[in-house]
Amino acid sequence: MLTSVETELIRVLADPLRLKIVTLLARETLCTTHLVEETGARQTNLSNHLRVLREAGVVETEPCGRFTYYRLRPDVIASLAGRLADLAKTARSTSDNKRACP
């Protein structure tokens, strides 16, 4: 079973804009201005999504003058990917198991 933290991460990453942000941050550390340019989202909307990602532990911030840079935490993504890979492995190895109905 997935933990509540892992379930929350899946929910957080299920949003299309947040997934796009994570994809962009996988390539490089970006500030909000860059993310607005890349996504086309409004700054307030983007800031809300970044807050959700930060609170979930997916990204971390780095202040730089009047800008805030965002960096992906690959360990968090790798941990979730590992758990999902484990689920897939279990499903493959037990695909012939079928519980009889009462």
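Predicted model: local features only at pLDDT ≥ 70, side-chain atom pairs only at ≥ 80, totals over all residues.
Let me begin with one side chain, that of threonine 39, which reaches the backbone nitrogen of alanine 41 at 3.1 Å. Confidence is lowest in helix α1, residues 4–13, where the mean is 92, and highest in helix α2, residues 16–27, where it is 97.

Now, back to threonine 39, which is found in helix α3, residues 32–39. A polar atom of its side chain also lies 2.7 Å from the backbone oxygen of leucine 35. Is threonine 39 buried or exposed? Threonine 39 counts as buried because its relative accessible area is 17%, and the cut-off for buried is under 20%. If we leave aside its neighbours within four places in sequence, the residues in contact with threonine 39 are Leu17, Lys20, Ile21, Leu24 and Leu46.

Let me turn to the strands. Which strands are joined to β3, residues 67–72? Strand β1, residues 30–31, runs antiparallel to β3 and is joined to it by 2 bridges, and here leucine 30 has tyrosine 70 as its bridge partner in β3. Strand β2, residues 59–64, is also antiparallel to β3, with 6 bridges joining the two, and glutamate 60 has arginine 71 as its bridge partner in β3. Finally, β2 and β3 form a hairpin with 2 residues between them, and in that turn glycine 65 has a positive phi of about 65°.

Methods. Residues numbered from 1 in each chain as written. Heavy atoms only, no water. pLDDT = per-residue confidence, 0-100. Helix = DSSP H or I, 4+ residues; strand = E, 2+ residues; numbered from the N terminus. Buried < 20%, exposed > 50% of the residue type's maximum accessible area, 1.4 Å probe, protein only. Polar contact = N/O pair within 3.5 Å; in protein donor to acceptor, adjacent residues only side chain to side chain. Contact = heavy atoms within 4.5 Å. Pairing = 2+ DSSP bridges.
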